Amino acid sequence: MTETGLDKLKLMVVDDEPDNLELLYRTFRRDFQVFKASNAISAIDILDKEGEMAVIISDQRMPEMNGTEFLSLTVERFPDTIRILLTGFTDVEDLVDAINSGQVFKYITKPWKPDRLKAVVEQAADTYRVVKKRTQELSRALRRESLFNAVTTAVRESLDYRSMLQKIVATLGQSFDATYCFVRPVENDHLTQDEFYYQDPKASKFSYPVDSEALIEKVLETRNYQVSQSGDDTYPCYQLVVPLIYQQQFLAILTLCQYKRDYSWLEQDIQLITGVVEQAALALSQAKLYQRLQEKQEQIRLELGVARQIQNNLLRQRLPEIDSARIQASCLPAREVGGDFFEVFVHPKGDLWLAVGDVSGKGVPAALFMASAISVLRRELSQETPELPNVVMQNLNHALCDDLIGNNCFITMVLARYISATGELVYANAGHIYPLLWSSKDTSIQQPTYLTTRGVPLGILPKWQAQYGQLVLSSGDILLLASDGITEAMVTNHPDAEVSKLGAGINRSMLKQEGLWKLLKNQPQPLCLDSLLARIQEDTDSQEDDQTILALEVL
């Protein structure tokens, strides 16, 4: 069991009999660093000076303070110390109390047998080592958990990637009593210009940062931590440089520096720091990914804003004014851009062309087909003598069907030509909802006229064919074209059927064309589409589809 040098455990012997004291000293001096005390008061002074003992052997009967009283005073200050009591048979009552209160590990009766005492002390030393080892392991585990919690709290309190770096460097610097600490982010295995810094507010003004570039470059190269000492013996500076890596991605480099410390970084501290750094690297990786996603989303938002402006510009910003009719139109995409569109085109010969279309789907793909459809439609209508609406539809389908079929898309659309001189209206319908027609002068009208001539949507078949519808409009007649985003809107205050329960007594129902007609009947005259849309939006929790509506009122 012989130990040498600084590895020897401390053992204290306390006895008021000099012979016993000397005997105990000689028995254990080869295996322990032995301290002698002739009474309890002297023993307490030695403990104040030398600190914790591995084992204390104390006589029970001593002047001023007996052994059990002395040992009881050491329990709170040194809970890991192993206590052995030397006692006579007449001290049984005190001995039982001491053992029951946990103050004494073993007792030895006088006169003791040397082999027996050595065996007990060796057992006490082994017990002390086990207790200290477990205590240290528990202490490290608690410290690790505390540090992990501190880093986790710092991460959760961070608003973004940069604030997270600053909180991490401050948390680690404070937790490890660093004189100063800094983090350098890494991009593509190269240091960035950013630096996030922490300095102990109690640090001396002479504790200036030392040059860590060589260590940092080595960490970049090896991806392993580096330890170094700089300065002189009177004012040493110990540096620890640790990489922050997650899934082979180099995220940052942490540098911890400590001045005027008695020892270099301990291996257990390094292990603790590297363990915490792994957790921090995971959080940084997620924060970095989140930041990039936010930047990407912001870029997409800006680009979609430009796309929306372009799409708005494709639609007529100013509707033509003609003497014999009043035209209104509005298009509200459900997202930044959409697939709905309308067109109002006055031919040089005086014919008025009206169209409302809806590309299947939403968002950017639908918006691209919408732009193509408007471009082809305007080309067809700009001919010297445009074809009938159903022929124009055929030409549109011929120009767009390959792309539509290839992308599993289609377009529903109503196209109408109105000749104001004769009141003639010719229309064609490619799978769109029926246009509504009614007279504003007939206050007794119960139902509108639905223009029911219709074919399949564009992009379903390679060749589109359908009949056109024809009728004559009179003064006061109103023609309304709408997309299914209007008729399929889920409103909360409509009494019609197809009701779905949302809970808490709230009902939602699809507006449908019948519901749209009831809203139209209740609108004040003259008809205002902006008021109608506002009424629908008011009753809708959220807009699920693009909403487009166009009205022609014959004056």
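Let's start with strand S17 (residues 436-439), which is joined to strand S20 (residues 477-482) by four bridges, and the two run antiparallel. Strands and helices here are DSSP runs, numbered from the N terminus: at least two residues of E for a strand, at least four of H or I for a helix. Two strands count as paired if DSSP finds at least two bridges between them.

Before going on, a word on the source. This is a predicted model: local features need pLDDT of at least 70, side-chain atom pairs count only at pLDDT 80 or more, and totals for chains, interfaces and linings use all residues. Residues are numbered from 1 along each chain as its sequence is written, and side-chain values use heavy atoms, with hydrogens and water left out.

Back to S17. Where does Leu 436 find its bridge partner in S20? At Leu 480. S17 also has strand S18 (residues 449-450), joined by two bridges and again antiparallel. There, Leu 436 stands opposite Tyr 450.

Are the faces of S17 covered or open? Both are covered. Leu 436 and Trp 438 sit on one side, Leu 437 and Ser 439 on the other, and all are buried. Buried means under 20% relative accessible area, exposed means over 50%, and partly exposed is in between, with a 1.4 Å probe and protein chains only.

Now follow S20 onward. S20 pairs with strand S24 over five bridges, in the antiparallel sense. Leu 479 stands opposite Leu 552 in S24. S24 covers residues 547-554, and eight of its eight residues are buried. Gln 547, Ile 549, Ala 551 and Glu 553 point one way. Thr 548, Leu 550, Leu 552 and Val 554 point the other way.

S24 has another antiparallel neighbour, strand S12 (residues 325-332), through eight bridges. Cys 331 has Thr 548 in S24 as its bridge partner.

Next, empty space. Rolling a probe the size of a water molecule over the atoms shows where empty space is left. The search uses a 1 Å grid over the protein atoms alone. A cavity is a set of points where a 1.4 Å probe fits but cannot get out. A pocket is an open set with protein on both sides within 12 Å along at least five of seven lines. Lining residues have an atom within 4 Å of a point. Points are joined across faces, edges and corners, and a volume is the space filled by probe spheres set on them.

The largest pocket holds about 170 Å³ of space. Which elements supply at least two residues each to its lining? S17 and helix H12 (512-522). H12 gives the most, with three residues. The lining includes Trp 438 and Ser 439, along with Trp 517, Leu 520, Lys 521 and Gln 525.

How many cavities of 30 Å³ or more are there? One.

On to Asp 59. UniProt lists Asp 59 for "modified residue: 4-aspartylphosphate", in an unreviewed entry. Such annotations may be inferred rather than shown by experiment. Asp 59 is in strand S3 (residues 55-59). Asp 59 is buried, with a relative accessible area of 3%. Leaving out residues up to four places away in sequence, Asp 59 touches Val 14, Asp 15, Asp 16, Gly 67, Leu 85, Leu 86 and Lys 110. Contact means heavy atoms within 4.5 Å.

Lys 110 brings us to the backbone. Most residues other than glycine have a negative phi, and most peptide bonds are trans. A cis peptide bond joins Lys 110 and Pro 111, with omega about -10°. Pro 111 is in the loop between strand S5 (106-109) and helix H5 (114-157). Another cis bond joins Gln 525 and Pro 526, with omega about 0°. Pro 526 lies in the loop between H12 and helix H13 (529-538).

Last, positive phi. Gln 247 has a phi near 50°. Gln 247 is in the loop between strand S10 (237-246) and strand S11 (249-259), and it is exposed, at 64% relative accessible area. Lys 512, in helix H12, has a positive phi of about 60°. Lys 512 is partly exposed, at 23%.
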